[in-house]
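I opened the model today and kept short notes on what I looked up. They run from the whole chain down to single residues.

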Amino acid sequence: MKALKPSLVTSLLVMGIATTGATQAADWTGYTYSAVSTTAAVKGMERITDRAEAETEDLSITLHLGKTLQIASSDITQAVGNGFIDFSADLFFSGNVPIARILNLPMLIQNDEEWDKAYAAMAPYLTQGFAEQDVTFLGAYRYPQQVIFTSFEIDSLDDLENHRIRVTSPEQGAFVEAFGGAPITLSGSEVPTALERGVIDGVLTASAGGAKNWHEFLDYNYRLPVNYAYSAIIANTNAYESLSEADRETFATIIREEASNITEAFLIDEQAQKEAQADAGMTIVEASDADTVKAQEALAPFWQEWASEAGPEHEQALQDVLTALGK
């Protein structure tokens with residue numbers, strides 16, 4: 001076989017080194033559970049994708065709104081883990097990462113300061129729980145506190161008795177049952193008709209959440225902080241680890257900053273919606289300290305029962321959160 005010219009060998013070696021050392025651009029598919037582009041959550045996800053394009057060397061993300069891809073909300077974690085999508089906001093992850101529900105337990109967390117402490121205690125468990133799904137947990141943003149909205153007059157917990165309240169989780173259901181109510185599970189699209197027809201008498205939500213759309217059916221708001229809802233921001237682990245170290249660091253900074261911005265935007269909207277709902281005639285009653293203490297004492301045994309049924313790791317995680325909260 002005819003020998004290659006030295007100059008050609010040199011050129012091929014240089015090309016090979018250049019090809020081997022080059023970082024391939026990462027074109028990710030992004031997704032968010034929300035189908036409404038005007039929400040703080042979607043606007044924040046759009047900022048993340050825009051900043052990733054501008055601030056990283058090789059990462060670009062095409063963001064798809066909820067229902068534009070064939071992914072059920074409860075399957076988002078799995079869709080990220082199997083690489084169908086690379087990046088997502090995931091509000092409905094608790095079925096895949098059950099330990100994350102500790103932060104949703106009713107009456108466990110009462111304010112923003114407590115949330116920060118509890119979230120810090122739970123961060124290692126969240127990281128591990130998602131890692132077991134081949135998913136990297138990057139951060140989270142939270143919605144405002146879930147409080148009580150009703151079509152009947154309410155100014156104390158005793159008024160919940162014999163009323164049907166729409167809930168979004170078994171944990172919220174336990175709260176309603178503790179005070180003599182009947183928890184009802186419905187999709188968001190079913191709520192207006194159910195309220196109008198008297199199928200349900202109230203909902204647990206936020207002023208900037210469901211009440212933003214259903215306020216015309218809800219005459220009363222009792223602002224007892226039942227629990228929080230939060231969305232994880234996640235990426236496929238293989239895709240994330242394929243990024244350069246510099247891009248991972250930059251992307252992590254973007255997530256941290258924008259998750260905080262989304263949370264703050266929700267809090268601002270919560271106050272604005274609360275004031276608008278009051279102006280429109282909704283009766284808003286701040287929960288009494290006595291009712292708050294009463295609710296905490298009633299639900300504390302449920303926290304322990306829930307963790308005990310879930311297993312030793314959940315018991316340890318709950319204890320870590322309680323220690324962080326000084327409870």
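Predicted model: local features only at pLDDT ≥ 70, side-chain atom pairs only at ≥ 80, totals over all residues.

Here are my entries, in the order I made them.

**Ground rules**

Residues are numbered from 1 along each chain as its sequence is written, and side-chain values use heavy atoms, with hydrogens and water left out.

**Entry 1: the whole chain**

I started with secondary structure and found eleven helices and eleven strands. These are DSSP runs numbered from the N terminus, with helices being H or I of at least four residues and strands being E of at least two. The C-alpha trace spans about 95 × 45 × 30 Å along its principal axes.

Next I looked up burial. Of the 327 residues, 48% are buried, where buried means under 20% relative accessible area, exposed means over 50%, and partly exposed is in between (1.4 Å probe, protein chains only). The accessible surface comes to about 15,600 Å², and carbon and sulfur atoms own 49% of that. The areas are Shrake-Rupley values with a 1.4 Å probe.

For contacts (heavy atoms within 4.5 Å), I took residues at least 6 apart in sequence, and 76% of those contacts join residues at least 24 apart.

Then charges: I get 19 positive and 48 negative side chains, with the centres of the two sets 6 Å apart. Lys and Arg are the positives, Asp and Glu the negatives, and His and the chain ends are not counted. Each charge is placed at NZ of Lys, CZ of Arg, CG of Asp or CD of Glu.

**Entry 2: the nonpolar cores**

Which residues touch the most other members of the largest nonpolar core? They are Trp28, Phe87, Phe175 and Phe251, in a core of 85 residues. Helix H4 (residues 112-131) gives the most to this core, with seven residues. My core here is a set of buried Ala, Val, Leu, Ile, Met, Phe, Trp, Tyr and Cys residues joined through side-chain atoms within 4.5 Å.

Skipping neighbours within four places in sequence, Phe251 contacts Trp28, Ile48, Ala52, Leu59, Ile61, Phe87, Leu138 and Tyr240. Another core lies apart from the largest one, with twelve residues, including Ala194, Ile200, Val203 and Ala211. As background, nonpolar side chains tend to be buried together in soluble globular proteins.

**Entry 3: salt bridges**

My search of the whole structure turned up 13 salt bridges, counting a side-chain nitrogen of Lys or Arg within 4 Å of a carboxyl oxygen of Asp or Glu.

I went to Glu258 next. Glu258 pairs with Arg47, the closest N and O atoms being 2.6 Å apart. Glu258 sits in helix H9 (residues 245-279) and Arg47 in helix H2 (residues 40-55), so this bridge ties together parts 211 residues apart in sequence. Is Glu258 buried or exposed? Glu258 is buried, at 4% relative accessible area, while Arg47 is partly exposed at 31%.

Glu258 also bridges to Arg51, with the closest N and O atoms 3.0 Å apart. Arg51 is in helix H2 too, so that pair connects parts 207 residues apart in sequence. Arg47, Arg51, Glu55, Glu257 and Glu258 are linked in a network of salt bridges.

Arg51 got its own check. At 18% relative accessibility, Arg51 counts as buried. Leaving out residues up to four places away in sequence, Arg51 touches Thr56, Ile254, Glu257 and Glu258.

Arg164 is in strand E6 (residues 164-167) and Asp201 in the loop between helix H6 (191-197) and strand E8 (202-205), 37 residues apart. Arg164 is partly exposed at 34%, and Asp201 is buried at 11%.

**Entry 4: positive phi**

Most residues other than glycine have a negative phi, so I looked for exceptions. Lys67 has phi near 75°; Lys67 lies in the loop between strand E2 (59-64) and helix H3 (76-81) and is exposed at 73% relative accessible area. Asn162 has a positive phi of about 70°. Asn162 is in the loop between strand E5 (146-150) and E6, and is exposed at 67%.
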